[in-house]
Amino acid sequence: MARDYKRERELYHGTPEQKKRNAARKRARRILERAGVVKAGDGKDVHHIDGNPLNNKRSNLRAEARSKNRARKRKG
């Protein structure tokens with residue numbers, strides 16, 4: 001059975017909560033870009049140490065290899 005991307009967007013990605021979380025993750029990336037920690041196309045992800053994408057304190061952000069960040073087990 002194929003994924004229903006339209007329904008997935010309506011029920012998950014399009015919700016106000018998920019839009020805020022996605023915007024916060026993008027904001028974190030821009031913070032580290034301005035600090036010179038990451039650059040566009042460098043293969044790095046921004047890791048939120050406490051797992052909360054809404055917490056963009058500089059002490060909570062770290063640049064990691066994309067493969068390491070996405071392989072990590074998530075809480076919840």
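Residues are numbered from 1 along each chain as its sequence is written. Because the model is predicted, local features need pLDDT of at least 70 and side-chain atom pairs pLDDT 80 or more, while totals for chains, interfaces and linings use all residues, and side-chain values rest on heavy atoms, without hydrogens or water.

The protein chain holds three helices and two strands, in the order α-α-β-β-α from the N terminus; these are DSSP runs (helices H or I, at least four residues; strands E, at least two). Its C-alpha atoms fill a box of roughly 40 × 25 × 25 Å along the principal axes. Of its 76 residues, 22% are buried, meaning under 20% relative accessible area with a 1.4 Å probe, protein chains only.

N55 sits in the loop between β1 and β2 (61-65).

Now for the largest pocket, with about 620 Å³ of space. Among its 18 lining residues, R25, V46, H48, N69 and R74 are the closest to its centre. Two or more lining residues come from each of α2 (16-34), β1 (44-48) and α3 (66-71). A pocket here is an open set of points on a 1 Å grid over the protein atoms alone, where a 1.4 Å probe fits, with protein on both sides within 12 Å along at least five of seven lines; lining residues have an atom within 4 Å of a point.

Definitions and conventions:
Grid points are joined across faces, edges and corners, and a volume is the space filled by probe spheres set on the points. Buried means under 20% relative accessible area, exposed over 50%, partly exposed in between (1.4 Å probe, protein chains only).
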